[in-house]
Amino acid sequence: MAARRLGGSSWQQMSLLSRRWCLQAGSAGKREQNRYSSSSTTLEKTVENSEVTREEIVLPRRKTWDKLAVLQALASTVNRDPTAAHYMFQDDPFLMPRNTANSRLLSLSKESGRSAAKYIIKEFPQYFDKTTSEPNIPCLMPENLTPQIEGVSEAALKERIHLRRVKASVDLFDQLLQAGSPVSLETTNSLLDLLCFYGDGESAQEKQNEQKGDLEEPEENTSEQRSPKRQFQKSLNSSGFRWRENNNAERIFKIMPERNAHSYCTMIRGMVKHGAPAKAYDMYTDLLNERHKADVHTFNALIRAVPYLKEKFAERWALVKDFLNHMVQQEVQPNVLTFNAVLKTLRRCGGVGRGVSLSVIQEMTALDIEPSLATYEHLLHIFYRSVELQPSTIIAEILEEVEKRSFTPQDPDDANFFPTAMQACCDLKDIKLAYRLNKSMEKGDNWKFLDMDRLNAYWSKFFSLLCMMEQIDVVLKWYKEMTPSLFYPSTRSMFDLLQALDAANHLEVIPSVWEDIKQLGFSRKQDLLEELLSLMSREEHPEETQLAFAKCAEDIKAAHEQSGRDQAPLEWTGSALGHVVVLFSRAGRTQDAWNMMEHFQQINRIPTLLLVWPKEALMLPSHVGAPVSIWGTGKGEESSF
Amino acid sequence: MGRFGDSRVSPSLSPQVVSWSRSCAPPALGAHRDLHTTPVCFKTRAARVRVGKGDKPVTYEQAHAPHYIAHRKGWLSLHTGNLDGEAGAAERTVEDVFLRKFLYGTFPGCLANEVVLKRRANLLVICLVVLQNLAPSKLYFLIGYSETLLSHFYKCPVRLEVQTVPTKVIYKYL
């Protein structure tokens with residue numbers, strides 16, 4: 001896919017340029033011929049001819065090739081291999097992942113191997129610091145993360161802040177204050193930045209060092225009940241730290257002799273990040289009282305926190321407008337993140353939000369701010385994911401905007417655009433929009449917004465939409481191209497595929513679908529097996545298909561009977577058994593069919609199939625005693641005759 | 001199993017030397033001048049698996065003697081250090097020895113054959129044939145670990161290309 005993307009445009013350019021060159025060369029050649037031919041004519045004519053043919057020779061402009069042009073041209077000849085797994089996996093059947101869970105497991109295990117190596121390199125840097133490469137490659141050298149400056153001084157504090165050592169810097173700060181030496185405002189501000197960023201918890205490295213000893217935090221978290229606050233911190237803060245009362249940041253803030261705007265702003269942003277929106281609002285009022293000016297990031301954080309400050313939709317919108325007016329008063333220029341925060345808040349404002357969001361977009365364009373993908377994602381959410389779906393054509397306009405250019409990441413929510421858009425296409429059941437969306441994803445850098453999980457979600461939804469809307473041969477073509485390179489089908493996708501095959505009456509493909517199901521590891525999913533069996537046994541099919549179906553039925557029987565290492569054996573249901581019997585008898589394997597009949601007794605069910613398919617019943621060998629024994633126990637759920 | 005340090009790049013020297021006895025030395029001073037000797041290493045016995053009773057399984061690599069290199073065998077280590085005017089052959093050899101020992105220890109009991117090392121410009125490609133003893137996730141852990149550790153150690157990008165095989169591929173029994 002990368003090849004197609006990179007090579008497409010430049011290859012066309014090259015061919016166009018080469019054609020122009022040929023044309024130029026051709027015309028120059030013709031002129032040459034004219035001159036030659038004119039020289040062979042009589043003398044009187046030569047003078048005129050030379051004047052006529054003395055046209056300007058237009059030299060074509062020198063082409064400058066990109067450094068990578070040759071490589072791109074070569075790459076354009078190689079298409080994406082539809083049978084290969086993702087590049088990070090080894091190309092070996094034993095090592096290729098089978099389904100989504102497996103691919104995540106393998107990529108995570110590779111990553112954990114890498115972090116194990118990094119741990120070794122950190123622990124023993126003396127073996128890795130010889131510079132044998134010329135020039136030196138800094139990313140392959142061990143990092144020096146221990147603070148160099150010892151002693152209690154401001155420079156030492158600055159160094160520890162730079163190395164992100166939260167606890168050490170707080171201790172050093174306290175020591176400095178106790179020793180009586182004042183700490184400059186700038187250093188205090190950077191210390192506050194560090195504390196607010198990490199929320200008074202530890203940074204990742206310190207967490208690693210203290211993993212065994214530190215049991216306080218998890219205990220606190222588990223003792224709390226599920227409250228809205230926890231949901232809030234989950235949404236706003238991924239590290240899971242709560243803003244405790246009177247923690248280090250607040251304490252240092254209170255004892256600061258002088259504070260400037262930066263201190264207030266940092267505190268506000270930290271509070272919003274770690275789940276204390278009310279405090280953030282109070283801090284903001286303090287800042288206004290002190291006649292300071294907040295910066296744009298603070299306003300963004302405050303706008304994001306609005307849904308947790310007010311409950312009613314209209315109040316939320318009023319508060320947002322308030323903040324925006326303050327921004328204007330304090331002459332703070334909004335940026336794209338501001339508008340994204342506004343739209344994110346409007347997502348939770350219901351009908352009010354829908355009415356206002358378009359004017360927000362107009363404001364954005366008036367201020368000449370380019371919308372990012374997150375803007376569009378919020379818009380889609382506002383218009384398409386609410387409870388009452390009102391018809392709207394905004395998605396077509398959004399797609400038009402997105403198709404035009406390749407985006408750069410500006411907002412963490414950008415990554416959700418493509419899955420949300422595909423979900424909207426699925427809800428609207430519009431396949432053309434989905435194709436356009438695919439094209440826009442392939443343009444430029446847009447594919448980089450999808451990581452492995454989102455890729456899987458995106459393509460799964462696209463595949464369900466395809467199964468619903470398109471002809472079966474298109475569906476099968478996409479299926480062959482997409483699995484296993486782009487996504488691993490889930491049970492849901494296999495159901496959709498079976499439904500599509502059923503609708504198109506194309507059931508002879510089912511044995512190969514069964515092979516895929518086995519490879520994906522879904523051969524123990526009861527409902528999928530039932531669906532397969534019922535589809536296979538519903539009607540009569542030509543001879544080879546019946547034989548193939550009987551083979552599938554045998555596989556399914558084997559799957560039921562074998563029990564894995566720690567899995568209970570699959571239970572037979574009455575209908576499944578019935579279908580298997582029918583399939584065996586249709587293929588002429590009457591002995592197998594009779595063996596299956598005996599299973600009915602084991603699971604205490606009564607077969608009803610003989611009523612539905614009397615032909616098959618006649619084919620079964622007539623054992624005189626056996627029928628009596630099967631139907632004698634009769635403790636079944638299905639009522640028979 | 002092939003012996004380690006058995007790189008094809010430098011063939012072993014094997015002079016046959018007889019050690020001089022001490023009785024020739026002047027006894028008064030007590031100082032000796034002996035000739036330093038090595039144990040005997042016949043070149044006719046290098047990298048060859050001796051024929052036995054017919055129960056010793058041997059891979060293709062092991063079954064062929066060194067004079068079959070470039071005829072029936074390829075090289076295990078490919079680099080340009082031995083070409084005319086190129087330097088660094090000795091360093092490459094030492095690196096090879098370390099890499100083979102490292103991989104033998106990191107993939108315990110899993111290597112089905114000798115490791116093939118290919119150097120292309122700055123990149124070091126290590127090709128392994130691995131038995132399917134370990135679960136795939138464990139293999140990927142070891143692959144990620146080796147790649148990162150060796151990159152940092154040798155200051156060059158290192159890539160592992162792994163192929164798995166259910167059992168060792170036996171060529172014949174000697």
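## H79(B): a buried histidine

H79(B) counts as buried because its relative accessibility is 18%. Buried means under 20% relative accessible area, exposed over 50%, and partly exposed in between (1.4 Å probe, protein chains only). H79(B) sits in the loop between β2 (77–78) and α2 (89–106) of chain B. A polar atom of its side chain lies 3.0 Å from the backbone nitrogen of G81(B).

## Basis of the model

This is a predicted model: local features need pLDDT of at least 70, side-chain atom pairs count only at pLDDT 80 or more, and totals for chains, interfaces and linings use all residues. Residues are numbered from 1 along each chain as its sequence is written, chains are lettered from A, and side-chain values use heavy atoms, without hydrogens and water.

## Chain B overall

Chain B has three helices and six strands. Their order along the sequence is β-α-β-α-β-β-α-β-β. Helices (H or I, at least four residues) and strands (E, at least two) are DSSP runs, numbered from the N terminus.

Chain B has 174 residues, and 36% of them count as buried. Take its contacts (heavy atoms within 4.5 Å) between residues at least 6 apart in sequence: 62% join residues at least 24 apart.

## L74(A) in chain A

L74(A) belongs to helix α3 (residues 69–76) of chain A. L74(A) counts as exposed, because its relative accessibility is 53%.

Key. Polar contact = N/O pair within 3.5 Å; in protein donor to acceptor, adjacent residues only side chain to side chain.
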